[in-house]
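Inspect the model first, then read on.

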Amino acid sequence: MNLSARTEYAVRAMVHLATADPSEPVTLDSVTQQEDLPRKFMEAIFADLRRGGLITSLRGSRGGYFLARGADEITIGDIMRTVDGPLWEVRGLRPQDTEYRGATQHLPTLWVAVRASLRAVLDSTTLAQLASGHFNQLVTDLTTGGEAWANH
């Protein structure tokens with residue numbers, strides 16, 4: 001599984017907003033410069049985040065962006081779905097909608113389990129947890145063993 005640049009950049013931008021002074025709008029230029037992200041690409045991502053209800057914008061010379069909700073109310077799964085759609089698909093299909101015959105007939109069960117495990121981590125991890133580095137017990141348990149950090 002590969003994480004898209006779109007999702008990675010959106011999460012990075014949202015962490016930037018989560019750690020900023022909540023009384024001051026954050027400019028797109030500030031995010032792109034500090035995170036070293038491509039401005040044009042980020043314009044489209046910010047538009048998606050705004051349409052998805054995760055950020056709000058303030059127009060004008062002193063304008064910028066704010067989180068639409070508290071960082072403890074926005075999950076990483078929310079961000080990923082907003083900019084890239086469903087968390088897990090198989091050739092454009094939802095896992096439960098895939099069909100196989102014969103020896104591979106049980107693959108949908110595995111695909112649904114993979115999606116469930118992604119949901120368990122991404123929908124229980126908030127932007128506040130990511131920004132602070134204080135993760136929930138599930139994430140902590142999954143990353144504690146040496147095997148979690150090993151390449152396979």
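**Pockets and a helix crossing**

Ile-76, Val-121, Leu-122, Thr-125, Leu-130, Phe-135, Val-139, Leu-142, Thr-143 and Ala-148 line the largest pocket. A pocket here is an open set of points on a 1 Å grid over the protein atoms alone, where a 1.4 Å probe fits, with protein on both sides within 12 Å along at least five of seven lines; lining residues have an atom within 4 Å of a point. The model is predicted: local features need pLDDT of at least 70, side-chain atom pairs count only at pLDDT 80 or more, and totals for chains, interfaces and linings use all residues. Residues are numbered from 1 along each chain as its sequence is written, and side-chain values use heavy atoms, without hydrogens and water.

**Largest pocket**
- Its volume is about 410 Å³.
- The lining has eight nonpolar, two polar and no charged residues.
- α7 (137-144) and α5 (107-122) each supply at least two lining residues.
- The largest share, three residues, comes from α7.

**Second largest pocket**
- The volume of the second largest pocket is about 160 Å³.
- Arg-50, Ser-57, Leu-58, Arg-59, Gly-60, Gly-63, Gly-64 and Tyr-65 form its lining.

**Helix pair**
- Helices α1 (residues 5-18) and α2 (residues 28-35) pack at about 115°, with axes 10 Å apart.
- α1 is therefore roughly perpendicular to α2 (65 to 115 degrees).
- Arg-12, Ala-13 and His-16 of α1 meet Ser-30, Val-31, Gln-34 and Glu-35 of α2 (heavy atoms within 4.5 Å).

Technical notes: Axes are lines fitted to C-alpha atoms, for helices over the stretch in contact, and angles run from 0 to 180 degrees between N-to-C directions. Helices (H or I, at least four residues) and strands (E, at least two) are DSSP runs, numbered from the N terminus. Angles under 35 degrees count as roughly parallel, over 145 as roughly antiparallel, 65 to 115 as roughly perpendicular and the rest as oblique. Grid points are joined across faces, edges and corners, and a volume is the space filled by probe spheres set on the points. Ala, Val, Leu, Ile, Met, Phe, Trp, Tyr, Cys and Pro count as nonpolar, Asp, Glu, Lys and Arg as charged, and the others, Gly among them, as polar.
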